[in-house]
Amino acid sequence: MGAISHSITVPSTATTYTASFSAQYQLTTAANPSNGGTVSPPSGNFYAAGAIVPLTATPNAGFTFSNWTGNVANSTSPTTTVTMSAPESVTANFTPAPQISLTPTSINFGTVYLYALKDRNVTVKNIGTSPVTISSVSLTLGSGTNNGDFTFVNLCPKTLAVGKSCIISVVFFAGNIGTLSATLNVNDNAAGSPQQVSLSANVINPKASYNPGSLHFGSVPIGNNSTLDVTLTNTGTTALDITSIGITGANESDFAQNNVCPSSLAPGTNCIISVTFTPSATGTRFRRPDGHRQRRNQQAERFACGKG
């Protein structure tokens, strides 16, 4: 308990002095393991006999509270009390929390054409020291995203053993034009639950249409030329991005093109491509005017021929 001393001045007459004492007891607190968490109040404080002292156990990241050791009111609750009827020693016991990782944590399916189908896998791994219980897997849809745009197939067991992995297959069906998003939620008993994977895609629907579908220049004398026009129309429902327009083929040097097409053709709009045939020799000449455009990463080919 410790000693307390005071200095007094003794009078010349007889005097009686009385020392009064009250019982106090020391409370010792600890965390097990020491890096598992903290305990409040700190260890070493003294309290009056009969005092009821609140106790709080707070786990550190990666740990969960397990139980108390000592004369506490509720050994399984992280918040409890101890009655100081004698010196007391209490310990908060912590256990490593289950831990899992999800790879990747985001999936961008990129620019996808209408009605296309894509899939990607998410790997779930138990990186902790105890089994992980997976209670459910779900999707939260973003604004403008319909049921069926994103779906998943859960191949994970209810209990994932330490060091083991499993797969959740995410499927995207481009049935809805626009910027689509969703969140994959994995609910479990691991730290940070629910673990989440963000999903996104941009669905487009451009369509290139040529009129006419082929150009026939007929007979053109050497030293002369002939020019015909072809109209490129976007008959789709989203912008048609045009990266380049060129000419390929065995006789491509006999043909040239000139166009007033923009880099992006809005739905329902068109532009003109003028093709000029200048024969360099007699005989039938062939070429293909190629428009590199945003349509399944293919070239838009049209056939043209002329005779010199």
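In the predicted model, four strands make up an open sheet in the order β17-β19-β23-β21. Pairing within this sheet is antiparallel. Strands β17 (208-211) and β21 (255-259) lie at the edges. Each has a single partner strand, so one side of each lacks a neighbour in the sheet. On average, neighbouring strands are turned by 25 degrees against each other, direction ignored. The pairing of β17 with β19 (residues 226-234) is antiparallel and runs over four bridges. Within β19, threonine 231 stands opposite asparagine 211.

Nonpolar residues gather in separate cores. The largest nonpolar core contains 29 residues. Phe109, Val122, Val124, Ile168, Phe172, Leu184 and Leu199 have the most contacts inside it. At least two residues of this core come from each of β8 (100-103), β9 (106-113), β10 (117-126), β11 (132-141), β14, β15 (178-188) and β16 (195-204). A second core is separate and has 17 residues, including Val220, Phe255, Cys261 and Leu265. In soluble globular proteins, nonpolar side chains tend to be buried together.

Valine 124 belongs to the largest core. Neighbours within four places in sequence aside, valine 124 is in contact with Ile100, Ser101, Leu102, Cys156, Leu160, Lys164, Ser165, Cys166 and Ile168.

Aromatic pairs number nine in the whole structure. One of them joins phenylalanine 65 and phenylalanine 94 edge-to-face, at 6.2 Å centre to centre and with 75 degrees between the planes. This pair links distant parts of the chain. Phenylalanine 65 is in strand β5 (residues 63-69) and phenylalanine 94 in strand β7 (residues 88-96), 29 residues apart. Both phenylalanine 65 and phenylalanine 94 are buried. Ring pairs also bring in Trp68, giving a cluster of Phe65, Trp68 and Phe94.

The pair of phenylalanine 109 and phenylalanine 172 is stacked, because the ring centres are 5.5 Å apart and the planes lie at 25 degrees. Distant parts of the chain are linked here too: phenylalanine 109 is in strand β9 and phenylalanine 172 in strand β14, 63 residues apart. Both phenylalanine 109 and phenylalanine 172 are buried. These two residues are also among those with the most contacts inside the largest core.

Glycine 163 sits in the loop between β13 (159-160) and β14 (165-173). Its relative accessible area is 45%, so glycine 163 is partly exposed. Beyond neighbours within four places in sequence, glycine 163 is in contact with Lys125 and Asn126. The C-alpha atoms of glycine 163 and asparagine 126 are separated by 5.2 Å, although these residues are 37 residues apart along the chain.

Definitions and conventions:
Residues numbered from 1 in each chain as written. Predicted model: local features only at pLDDT ≥ 70, side-chain atom pairs only at ≥ 80, totals over all residues. Heavy atoms only, no water. Buried < 20%, exposed > 50% of the residue type's maximum accessible area, 1.4 Å probe, protein only. Contact = heavy atoms within 4.5 Å. Core = buried A, V, L, I, M, F, W, Y, C linked by side-chain atoms within 4.5 Å. Pairing = 2+ DSSP bridges. Axes fitted to C-alpha atoms, helices over the stretch in contact; angles between N-to-C directions. Phe/Tyr/Trp six-rings, centres within 6.5 Å; stacked < 30°, edge-to-face > 60°.
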